[in-house]
Amino acid sequence: MNVYDSERISQLLAARNYRLVEDPSDADLIFLNTCSVREKPEQKVYSLLGRVRALKKKNPKLIVGVGGCLAQQEGNGLLERFPYLDFVLGTKEFKQINRLLDDLEAFGRRGMATSLNGRVDPYVSLPSSACSGKATALVSIMQGCDNFCSFCIVPFVRGREVSRPSGTILEEIQTLAGHGVKEVTLLGQNVNSYGNRTPGELSFVELLEAVQGIHGIERIRFTTSHPQDLSPALIEAFGRLPKLCEHIHLPLQSGSNRILERMNRGYTREEYLEKVTWLRQTCPGISITTDMIVGFPGETEADFQSTLEIIAQIRFDDLFSFKYSDRPYTRATQFPDKVPQEVSRRRLMELQALQRRITCERNKLWEGKTVEILVEGRSKTNAEQSMGRTRTNHIVNFPGKSYPMGSLVRLRIAQPLAHSLRGDISS
Ligand code: SAM
Ligand code: SF4
């Protein structure tokens, strides 16, 4: 979500004659697009702001802005705490960056725009120069969330759930396809409920069908899917829409029904298991990834064992795991029975060790298989190699650097590694 937002901010700044530079000390303007979903990324922003202060001392004309969830959460508090900060831009007010910069340039006035109820369309279309040459693109289809999971700050910093009109989504994807983009990832906190609160709007499955019909788009992905709203129609779409890739990110958060209830997730482990079975029946070979939180308030050793059990039972292809942290405004912050840090740390390590083993074992199953890869560019670790993804979202590095971005190649998996696969193009 933040990558998508940063691309739009860059475009708005490009229209003011800014261009991206590699080295922060070459910059005339530094914009920190922040996340505050957990405590750790929030701390990172504060430490980055310390580094930016040193740059501003060297170059007093440097403009510094903070945007995104932390900006939304702290608002004026950031301007008060960091006197060298020039502007604060909330999650739904991107276009106000122009007004803030105009004010700063004309009057030297520091400013802030953090309304969550603005009437201005929060979406910024990309000019063709920004999409050409890319294999894949992110497309936001909705903003905010109404689920109020008890640990989560998102509804407070990104506002209530609003679906973007399907007409503009499809137009954007058509433009992307016209510039050679082959794969789109539809973005939202809870994509399954797309359109549900807007009378006359397409449902999420109907939106997928419409994207399926766009010439030039070869692959469709989406994230994130809430298990509660994973409908039979969406599961069935995996068996029916050829462009819909065989991967779903389905955050489970905990394997214990008691904790799921306290988290206000709206499903039980049995219901989750049933949906996984159904997905695997409808779409054999689908890869399933998830998010898990350890150390949620009140999580006992037995609850944690239930989480380990369900991980071992489902055998996710991969998972993101986090230590619970208190977030402002959320209900869980008020829960009294907090889990000590050292217990959460130990549980996290145990969970990650289990998943590492499962990921390795699952990756081994790919050895010798022939797969279709969408080339995304050069390998990050070896300039002589290219990198792409399977339809199941596995990263594959393979020899050769002449493959154009966006080409679809078939290759054999020669060597499964811990976090990626190595392909062999000769076979
Ligand atoms: N909308 C998605 C869903 O329904 O699961 C999740 C979006 S959230 C921005 C990304 C992940 O951050 C969550 O799935 C959760 O695992 C983690 N997360 C959110 N709040 C957290 C907290 N207070 N402490 C630790 N992890 C948290
Ligand atoms: Fe946060 Fe996701 Fe729950 Fe919404 S559904 S409150 S974004 S965890």
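What volume does the largest cavity have? The largest cavity has a volume of about 100 Å³, a cavity being a set of points on a 1 Å grid over the protein atoms alone where a 1.4 Å probe fits but cannot get out, and a volume being the space filled by probe spheres set on points joined across faces, edges and corners.

Before you select anything, note that this is a predicted model, in which local features need pLDDT of at least 70 and side-chain atom pairs count only at pLDDT 80 or more, while totals for chains, interfaces and linings use all residues. Residues are numbered from 1 along each chain as its sequence is written, ligands are numbered from 1 in the order in which they are written, and side-chain values use heavy atoms, with hydrogens and water left out.

**The largest cavity**

Select Met-1, Tyr-4, Asp-5, Thr-91 and Lys-92, which are among the residues that line the largest cavity, where a lining residue has an atom within 4 Å of a point. Helix α1 (2–14) and strand β6 (142–143) each supply at least two residues of this lining; helices (H or I, at least four residues) and strands (E, at least two) are DSSP runs, numbered from the N terminus.

**Ligand 1**

Next, select ligand 1 and the 17 residues around it, meaning those with a heavy atom within 4 Å of the molecule. Arg-38, Gln-189, Gln-253, Asp-291 and Ser-325 come nearest. Now look for polar contacts, which are pairs of N or O atoms within 3.5 Å. A polar side-chain atom of Gln-253 is 2.7 Å from an oxygen atom of ligand 1, whereas for Phe-151 a backbone N or O atom lies 3.0 Å from a nitrogen atom of the ligand. The side chain of Arg-265 has an N or O atom 3.2 Å from an oxygen atom of ligand 1.

Is Cys-149 buried or exposed? Cys-149 is buried, because its relative accessible area is 9% and buried means under 20% (exposed is over 50%, partly exposed in between, with a 1.4 Å probe and protein chains only).

**The second largest pocket**

Finally, turn to the second largest pocket, with a volume of about 940 Å³; a pocket is an open set of points with protein on both sides within 12 Å along at least five of seven lines. Of the 32 residues that line this pocket, Ser-10, Arg-19, Leu-20, Val-21 and Leu-29 are the closest to its centre. Helix α1 gives the most to the lining, with 8 residues.

Terms used:
A polar contact is a pair of N or O atoms within 3.5 Å; within protein, one must be able to donate a hydrogen and the other to accept it, and residues adjacent in sequence count only if both atoms are side-chain atoms.
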